[in-house]
Amino acid sequence: MSQLYRPLNILGFAYREIKQALTDLERMFQLLEEQPEVVDAPHAEMAANVTGRIEFDQVDFHYDPDREILRAISFTAEPGQTVAVVGPTGAGKSTLSRILYRFYDIAAGAVRIDGTDIRDMTQASLRAAIGMVPQDTVLFNDTIGYNIAYAHPDASQMQIEQAARDAQIHDFIADLPKGYDTLVGERGLKLSGGEKQRVAIARTLLKDPAILILDEATSALDSATELDIQSALGVASRGRTTLVVAHRLSTIQDADLILVMEAGRIVERGTHADLLERGGLYADLWLRQDTNDLDMETPGTVVAD
Ligand code: ATP
């Protein structure tokens, strides 16, 4: 009899596993359906020859209608300028960059590029004008060369290497036994957060966009890596309007404008020197940084993610 139970047990287990998998799939589709849809307006036009002037004009935003995330955000970045956003965790810094890329539509106000509301541009042309270096870059199970060039299959080996040089990752790659043919990703060489971010910067350099968004990795980086990223960013942002979501103050001291956010609002703005002189939240964060990690909680901050 017990010989019969075993296969039945296994069958029962398999049934439960499959049922759970189907439930998970169903839930995933529900979630996908719940995502607010960003669609091109019928009159949307191609954004061409973007110079990169960015303007947030009294922007309000929420993911869920009952929880306001951004309130009355206004700032302007002139072409070629670097604007850095700092503030405690959950303040809404990354949300700002997602809105510029138009992952989500806003509740009130306007976001303009070169004076045109981004809702009046096709999403394809908007995103062609923006290079996004996210916190965590997804790598394909392929060679590191492929990973740098995947959006530009026509790029020559020379162009790929130049982008890697500018992103301060070439020497690292050249030292690998198989160089640019080294397999990376889940089934290959695992790259650190800082290395992945430099691969993403190299990708962006090949794309050559007018606007660059850099969402700094939150993970602590050793100081050599941080210097490499800083100098990669220096090259990448040259001649482009750059929005940096900063988790370390050391990387943004030269920014043209620093926005200090707290609980969805801009509470201070200015250059590094302006803000230190002001003696407010920025100066406080500056004095308190010991590991250069800004993601400290301030009193009253809700940490929700
Ligand atoms: P960190 O420094 O930790 O990266 P942040 O300042 O970048 O934080 P955001 O990621 O912009 O903060 O998040 C702002 C708020 O929005 C947080 O309270 C977060 O929980 C919430 N939030 C972020 N993404 C979503 C989402 N997809 N759906 C609902 N709420 C979200």
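Analyst: A note on terms comes before the first position: helices (H or I, at least four residues) and strands (E, at least two) are DSSP runs, numbered from the N terminus. The model is a predicted one.

User: Understood. Where does L191 sit?

Analyst: L191 lies in the loop that runs between α6 (170–174) and α7 (193–207).

User: And is L191 buried or exposed?

Analyst: L191 is buried, because 20 other C-beta atoms lie within 10 Å; the cut-off for a buried residue is 20 or more.

User: Which residues does L191 touch, leaving aside neighbours within four places in sequence?

Analyst: With those neighbours set aside, L191 is in contact with L139, V184, K196 and V199.

User: How far apart are L191 and L139, in sequence and in space?

Analyst: They are separated by 52 residues in sequence, and the C-alpha to C-alpha distance between L191 and L139 is 9.2 Å.

User: Let us step back to the whole chain. How many helices and strands are there?

Analyst: The chain has ten helices and ten strands. Of its 305 residues, 33% are buried. Among contacts with a separation of 6 or more, 74% join residues 24 or more positions apart.

User: Back to α7, then. How does α7 pack against α5?

Analyst: Helix α5 (residues 157–166) packs with α7 at an angle of about 125°, and the two axes are 8 Å apart. The crossing of α5 and α7 is right-handed.

User: Which residues make that contact?

Analyst: On α5 they are Q159, A163, A164 and D166, and on α7 they are A202, L205 and L206. By class, the contact of α5 with α7 comprises five nonpolar residues, one polar and one charged.

User: Turning to the sheet: in what order do the four strands of the open sheet run?

Analyst: The order is β2-β1-β4-β5, with antiparallel pairing. Strands β2 (67–77) and β5 (116–117) are at the edges, each pairing on one side only.

User: How many bridges are there between β1 and β4?

Analyst: Strand β1 (residues 54–64) and strand β4 (residues 108–113) are paired over five bridges, in the antiparallel sense.

User: And what stands opposite D60?

Analyst: The residue opposite D60 is A108, in β4.

Conventions. Residues are numbered from 1 along each chain as its sequence is written. This is a predicted model: local features need pLDDT of at least 70, side-chain atom pairs count only at pLDDT 80 or more; totals for chains, interfaces and linings use all residues. A residue is buried if 20 or more other C-beta atoms lie within 10 Å of its own, exposed if 12 or fewer, and partly exposed in between; C-beta atoms are placed from the backbone. Two residues are in contact if their C-beta atoms, placed from the backbone, lie within 7 Å. Axes are lines fitted to C-alpha atoms, for helices over the stretch in contact, and angles run from 0 to 180 degrees between N-to-C directions. A crossing is left-handed if the near helix is turned anticlockwise from the far one by less than a right angle, and right-handed if clockwise. Ala, Val, Leu, Ile, Met, Phe, Trp, Tyr, Cys and Pro count as nonpolar, Asp, Glu, Lys and Arg as charged, and the others, Gly among them, as polar. Two strands pair if DSSP finds at least two bridges between them.
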